[in-house]
Amino acid sequence: MDDLDLPRRERLLRAARDLYWAQGVEGTSPRQVLEVSGVGQGSLYHHFPTKHDLSLAAISATTQEALDSVSGELTDTDHPPVERLVAYLERPRPALAGCKIGRLTSDRSVMADDELRSPVHDYFAGLVALVQEVFEETGLPDDLAHDRAYAAVAIVQGGYVLARALDDPAALRAAVDGFVSMLEPALQAEVVTR
């Protein structure tokens, strides 16, 4: 569907989400959102009376969409837990563009505002919990599953940082591959011994 076929509210949200990913919330003006969305100023202020309202809606939509996507992948019981973990870790990612949500953590206007920070917090807390549940399915004790879940999420986020810093998308893939290679033998052994 072409953006012009979307309702105005959705066009505004899509424009804001794309701009926040590229330049952050702090670096994005309502005028830029209007220009990218092709929506008139009256529609912007009808749907989002303040920049804060637009930011909260866009950040919430981004985090919810991402968590729903990961949740579907990690909770798919048609596949064994190790396979689901590896699929999550190895999913295609725009390495040089960075993580849409991870990048929000370096945006001062998001992190200094409890309301804007909340969906970012909830996304990462939810993601870690989902990954931890999958590790627990392999038979790991709660504390070890907890630590490995944090490590898995940190590998992906750190891989994004390395890829951007080195201007090399292969850096993210190498970080993930390195983690998976350390993870798989131990998980396979734990599954066999259960």
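Predicted model: local features only at pLDDT ≥ 70, side-chain atom pairs only at ≥ 80, totals over all residues.

Q: How many helices and strands are in the chain?
A: Helices (H or I, at least four residues) and strands (E, at least two) are DSSP runs, numbered from the N terminus. The chain has 9 helices and 0 strands. Its C-alpha atoms fill a box of roughly 65 × 35 × 35 Å, taken along the principal axes.

Q: What share of the chain is buried?
A: Buried means under 20% relative accessible area, exposed over 50%, and partly exposed in between (1.4 Å probe, protein chains only). Here, buried residues make up 40% of the 194 residues.

Q: How do I describe two packed helices?
A: Give the angle between their axes and the distance between the axes. Axes are lines fitted to C-alpha atoms, for helices over the stretch in contact, and angles run from 0 to 180 degrees between N-to-C directions. Take α1 (residues 8-23) and α2 (residues 30-37): their axes come within 8 Å and cross at roughly 120°. That makes α1 oblique to α2. Angles under 35 degrees count as roughly parallel, over 145 as roughly antiparallel, 65 to 115 as roughly perpendicular and the rest as oblique.

Q: Which residues of α1 and α2 meet?
A: Contact means heavy atoms within 4.5 Å. From α1 come Arg11, Leu12, Ala15, Ala16, Leu19 and Gln23, and they meet Gln32, Val33, Leu34, Val36 and Ser37 of α2. These residues divide into 7 nonpolar, 3 polar and 1 charged. Ala, Val, Leu, Ile, Met, Phe, Trp, Tyr, Cys and Pro count as nonpolar, Asp, Glu, Lys and Arg as charged, and the others, Gly among them, as polar.

Q: At what angle do α1 and α4 pack?
A: The angle is about 80°, and the axes are 9 Å apart. That makes α1 roughly perpendicular to α4. On the α1 side, the meeting residues include Arg9, Leu13 and Tyr20. On the α4 side, they include Leu54, Ala58 and Glu65. The contact holds 8 nonpolar, 2 polar and 3 charged residues.

Q: How far does α4 reach from its first C-alpha to its last?
A: The expected span of a helix is 1.5 Å times one less than its number of residues. Helix α4 (residues 51-74) has 24 residues and reaches 34 Å, close to the 34 Å expected. Its buried residues include Ile59, Leu67 and Val70. Among the elements covering the buried residues are α1, α2 and α7 (114-137).

Q: Is Val25 buried or exposed?
A: Val25 is buried, with a relative accessible area of 2%. It lies in the loop between α1 and α2. Leaving aside neighbours within four places in sequence, its contacts include Ile59, Leu104 and Val110. The C-alpha atoms of Val25 and Val110 are separated by 7.2 Å, though the two are 85 residues apart along the chain.

Q: Which residues does Pro30 touch?
A: Pro30 is found in helix α2. Not counting residues up to four places away in sequence, Pro30 touches Leu44, Tyr45 and Lys51. At 23% relative accessibility, Pro30 counts as partly exposed.

Conventions:
Residues numbered from 1 in each chain as written. Heavy atoms only, no water.
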